[in-house]
Amino acid sequence: MVSWSRGKPRLYLADTDGPIDLAGLVGEEICVDIQPGFRCQHCGDQADTSPCQECQSKPPHQQCIFTPGTSCTYQDCPFPSFKRRSCAHNFVVYLVAKDCVKAGITQADRYVSRWAEQGATHGMVVARTPNRRVAGIIEEALDDVVSTESTKEWYEPLDDPKQELVTAANSCREVLTGSLEPFSVLPDDEDGFDDRIITVPVHFSGDDATVLNLPEVTVGDELQSEVLGVRGQILATKDAVVNFDHLKGEQLTVEAPAECIPAMEDAQ
Ligand SMILES: [Zn+2]
């Protein structure tokens, strides 16, 4: 998977010493070879299915994580150690701009990285909650006024993402009333919305329409091309896109200039 941290996308593969610095590949010629894999996308173990049977029986592959607003039983959680690690923490409810505006939830300590991993251009926090369950309840309430699903493909960004975020945040404010109001962090005045918008780091400066028309590499393919950029989980080259979201568990070989792999020096 591609994990973004401090504005940098890094590709983590099961069998390598460290991650590949994808931002460092921009402008470089690379070779990518994709063979059918037999690994669990989650734990990296050899398996017949991905996620493997073991991982499927635990969070995060559980309904209570997918829809915490309705399915989380918080007090009598069947996965107490996962809850301590991943749910009983401050969460944020956010809006991000991609090809449309969507709402989502994530842990409060790394939301900008999460937005970058989704490939968003801009984001804005609308609520803060003490745990995943309350964030899920708010996300479900917001589903009436803003999408909670978005594309996992390359896309053309909105013409005016900031304005679209302000409009969506206004709609959210109308939902964040009554028992939900204490969690809202939206200013009373719409004029304050602009200051809350964060521009997500990007490593692409090319033409989105060109990338949109490129084929996507799949199992059995071999690609040799120059890297144009990275957005979210997708690497764009001159000849094709590599969507790591669609290649989880497969066997991937990347040939690139030595200084790009692995990025040991700042892998902490
Ligand atoms: Zn597994």
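Buried means 20 or more other C-beta atoms within 10 Å of a residue's own, exposed means 12 or fewer, and partly exposed lies in between, with C-beta atoms placed from the backbone. This is a predicted model: local features need pLDDT of at least 70, side-chain atom pairs count only at pLDDT 80 or more, and totals for chains, interfaces and linings use all residues. Residues are numbered from 1 along each chain as its sequence is written.

Stay zoomed out. The C-alpha atoms fill a box of roughly 55 × 45 × 35 Å along the principal axes. A compact globule of 268 residues would have a radius of gyration near 18 Å, and the chain's 20 Å agrees. That radius is taken over C-alpha atoms, and the globule rule is 2.2 Å times the number of residues to the power 0.38. Of the contacts with a separation of 6 or more, 69% join residues 24 or more positions apart. A contact needs C-beta atoms, placed from the backbone, within 7 Å.

Colour by secondary structure. The chain holds nine helices and 13 strands. These are DSSP runs numbered from the N terminus: helices are H or I with at least four residues, strands are E with at least two.

Strand β5 covers residues 91-97, and β6 covers 101-107. They form a hairpin with three residues between them. Seven bridges join the two antiparallel strands; strands pair if DSSP finds at least two bridges between them. Find F91 opposite Q107, then V96 opposite K102. Six of the seven residues of β6 are buried.

Now the open sheet of four strands is in view, in the order β6-β5-β7-β8 with antiparallel pairing. β6 and β8 (198-199) stand at the edges with a single partner strand each, so one side of each has no neighbour in the sheet.

Helix α6 (residues 132-142) lies across β5, β6 and β7 (122-129), and runs at about 175 degrees to β6. Axes are lines fitted to C-alpha atoms, for helices over the stretch in contact; angles run from 0 to 180 degrees between N-to-C directions.

Helix α7 is residues 161-175. Which of its residues are buried? They are P161, L165, A168, A169 and C172. They cover an arc of only 110 degrees around the axis, which puts them on the same side of α7. The arc is that of the directions from the helix axis to the C-beta atoms. These buried residues pack against β5, β6, β7, α6 and α8 (193-196).

**Centre on P201**

P201 sits in the loop between β8 and β9 (203-204). P201 is partly exposed, with 15 other C-beta atoms within 10 Å. Leaving aside neighbours within four places in sequence, P201 contacts G7 and A116. Draw a distance to A120: P201 and A120 are 9.1 Å apart, C-alpha to C-alpha, and 81 residues apart in sequence.

Strands β10 (residues 222-231) and β11 pair antiparallel over four bridges. Their hairpin has two residues between the strands, and G232 in the turn has a positive phi of about 60 degrees. G229 has A236 as its bridge partner in β11.

Look along β11 (residues 234-237): I234 and A236 point one way, L235 and T237 the other, and all are buried. Next comes β12 (residues 241-243), paired antiparallel with β11 over three bridges. This hairpin has three residues between its strands. L235 has V242 as its bridge partner in β12.

Notes:
Contact = placed C-beta atoms within 7 Å. Expected span 1.5 Å × (residues − 1).
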